[in-house]
There are 2 protein chains.
Amino acid sequence: MSIDATESASGQERYVGELNEGELLARIFPLLPLPDATLLGPGDDAAIITAPDGRTVISMDTLVEDHDFRLLRPNGHRTTGYDVGWNSAAQNLSDINAMGGTATSLVVSLTLPPRTPVAWVEDCARGLAAAIEGLGAIGCGVVGGDLGAGAQLVVTAAVTGTLDGRAPVLRSGARAGHTVAVAGTLGRAAAGLAILEDGRPLTDFGPDGEQFIAAQLRPQPPLAAGPVAALAGASAMLDISDGLLRDAGRIATASGVGLDLDPGALQQYADPLEGAAALLGVDALDWVLAGGEDHGLLATFPPDRPLPPEFTAVGSVKPGRPLVTLASRATALRGWDHFAD
Amino acid sequence: MSIDATESASGQERYVGELNEGELLARIFPLLPLPDATLLGPGDDAAIITAPDGRTVISMDTLVEDHDFRLLRPNGHRTTGYDVGWNSAAQNLSDINAMGGTATSLVVSLTLPPRTPVAWVEDCARGLAAAIEGLGAIGCGVVGGDLGAGAQLVVTAAVTGTLDGRAPVLRSGARAGHTVAVAGTLGRAAAGLAILEDGRPLTDFGPDGEQFIAAQLRPQPPLAAGPVAALAGASAMLDISDGLLRDAGRIATASGVGLDLDPGALQQYADPLEGAAALLGVDALDWVLAGGEDHGLLATFPPDRPLPPEFTAVGSVKPGRPLVTLASRATALRGWDHFAD
């Protein structure tokens, strides 16, 4: 599905192939906030940002058309530029959050088919800006990037962050006896994806369905919770992007411990999904266990530390082999892999 | 042209679609150097690098199959993964060089069609590593990135750098009376591209042709020259990536001055290209003036400062309108634009 076929009705549409790079940049940059950390903003060979404690946290994530998003689905649903921009910002900001840090800047590369409407690109910039503001990434912004042509829409962002003098929260610090806890939502984005990929009209799924679709397209990582967890003494933490079981397995492997999850505690995440799950004939708990892309946090805390209010206990760390169990029973790790079938 | 059609002869080839993300990462990371600035390397949600003077220079560049490189040309020439990896590193490292800085780390996102041979990706990693070492980016390396599937090969790198306490060299500091100077080569990459895109066998162009093709595929930005220029008091500087005239126009615009280039001084760059230009029936000086991708440096220096030995004077800064002239005569700005025809 090519984007331009969906946009040409007005006859007024302008396409990126009709503008030069400077003209397109002049459309985009006014829509984007500059980071507070900016020492030198866009327009030179590179940007310069402050790194107040002498360290820079850095990560990078890419969204590819037809792999990470679909512009038009068989049921008529359109993913907008705004959605893609929001999602790109959200998943990058979430990576800094998962280290216990605060995002300071983004650089963004857009690869655009020449028949991409300029309005789509502007909408993407608005989505980036809205995610930065809406998710509370205070002081963050876009300090530079790259624009180029390609056959397929690709959005790559790199994000920088600061730890404000703290130690990072790694995946490797979980110890037997620690509490396993979650911040943010679980399974809602997976439910939204299932609804989007189902053939039925989206209206069949009601207002809940709309919320789950929004969680898939415009995830809401709990950005305050990462630094809070660091200050509260979290022993391990990561961003749940490939599914709770798979990501729990990463902490288990990195820490050399078992993680036992409590299905009773997880049921509270499945409850709001039961209606949509029944319509689709699937198990809501599967979305909670294997669904990624809500970008919640999975963390472990020593037993003597009170859980911050952003976190909900969902299990405990066990000695022994690095496996993830459900009520002490083995479970196959499931979740998202970019290349596996 | 799909990459797999060129690689399947052995029957032993493995493709990225047959590996999961972890298996592919395990193939790539051992081939890549870790930056000296690494505080936390790959394997967590984000990496952490030092920013010794409390600032981080950052830039990003993307290479797209069939737009920025061609895997197989009509004359049978293959661009290898090694070439693409080298080029990605080189153009990113060059952006830090152009600020007068030293690169500290790269993060790299690879978007790979599932039928990309694993060997191609390994070769790309080797090219990245070889450029870092071969160009003298001492202590730089790859600290993280992203891997995903797409219809087209896309390589995006973000680069960080340090200014070691110095001020950056911007595009805006050129003043009337300053000397305009160049470090590195001019026009060789453009000659290489013209040879690659010509229908004739590459052997028609002899050993010079091979060198020009190498300059196009594996550019050699003069990485030592950026910090040297900063220390020598350069008033403005940028990376010549879109052609001397276009990039000179950027300094002219940012500084509010004219740049007058001396065709006599530029002829020394055209001389080695004359043989290839004659074969192709073009003007070698056009490659020097409008060809990008050698990633040399264009800088201006106050008249009371001796030029560093890495730089060659090619003109002078004039008062008045921000135009680029050749021997005081107007010239149309020409060069590369990603979206313009």
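Let me start with the rings: there are four aromatic pairs over all chains. Keep in mind that this is a predicted model.

One pair is A:F301 with A:F311, and the geometry is edge-to-face, with 5.1 Å centre to centre and 70° between the planes. A:F301 belongs to strand β10 of chain A and A:F311 to strand β11 of chain A, so this pair ties together parts that are 10 residues apart in sequence. Are these two residues buried or exposed? Both A:F301 and A:F311 are buried.

Another pair is in chain B. The ring centres of B:Y82 and B:W86 are 6.4 Å apart and the planes make 35°, so this one is classed as tilted. It falls in that class because the tilted range is what remains between stacked, under 30 degrees, and edge-to-face, over 60. Both residues are in helix α2 of chain B, residues 81-97, and they are four residues apart, about one turn of the helix. As for accessibility, B:Y82 has 29% relative accessibility, so it counts as partly exposed. B:W86 has 8%, so it counts as buried.

Next, the charges over rings. In chain A, A:R115 lies over the face of A:Y15, at 4.1 Å from the ring centre. In chain B, the charged end of B:R115 sits over the ring of B:Y15, and the distance from the centre is 4.1 Å.

Now the sheet in chain A. Seven strands make an open sheet with mixed pairing, and the order is β8-β10-β7-β11-β9-β12-β13. Which strands are at the edges? They are β8, residues 236-240, and β13, residues 329-330, each of which pairs on one side only. At the β13 end, β12 of chain A, residues 324-326, runs antiparallel to β13(A) and is joined to it by two bridges. In that pairing, A:L326 stands opposite A:R329 of β13(A).

Two helices of chain A to mention here. Helix α7, residues 244-255, packs on the sheet and touches β7, β8, β9, β10 and β12 of chain A; its direction makes about 155° with that of β8(A). Helix α8, residues 263-270, also packs on the sheet, touching β7, β9, β11 and β12 of chain A, and its direction makes about 150° with that of β11(A).

Last, the annotation. An unreviewed UniProt entry lists A:D68, A:E293 and A:W336 under "binding site". Where is A:D68 placed? A:D68 is in the loop between β3, residues 55-64, and α2, residues 81-97, of chain A.

Terms used. Residues are numbered from 1 along each chain as its sequence is written. Chains are lettered from A and ligands numbered from 1 in the order in which they are written. This is a predicted model: local features need pLDDT of at least 70, side-chain atom pairs count only at pLDDT 80 or more; totals for chains, interfaces and linings use all residues. Side-chain values use heavy atoms; hydrogens and water are left out. Two strands pair if DSSP finds at least two bridges between them. Contact means heavy atoms within 4.5 Å. Axes are lines fitted to C-alpha atoms, for helices over the stretch in contact, and angles run from 0 to 180 degrees between N-to-C directions. UniProt positions are given in the numbering used here, feature names are shortened, and annotations may be inferred rather than shown by experiment. Rings of Phe, Tyr and Trp (its six-membered ring) pair if their centres lie within 6.5 Å; planes under 30 degrees apart count as stacked, over 60 as edge-to-face and the rest as tilted. Buried means under 20% relative accessible area, exposed over 50%, partly exposed in between (1.4 Å probe, protein chains only). A charge sits over a ring if NZ of Lys or CZ of Arg is within 6 Å of the ring centre and within 35 degrees of the ring normal.
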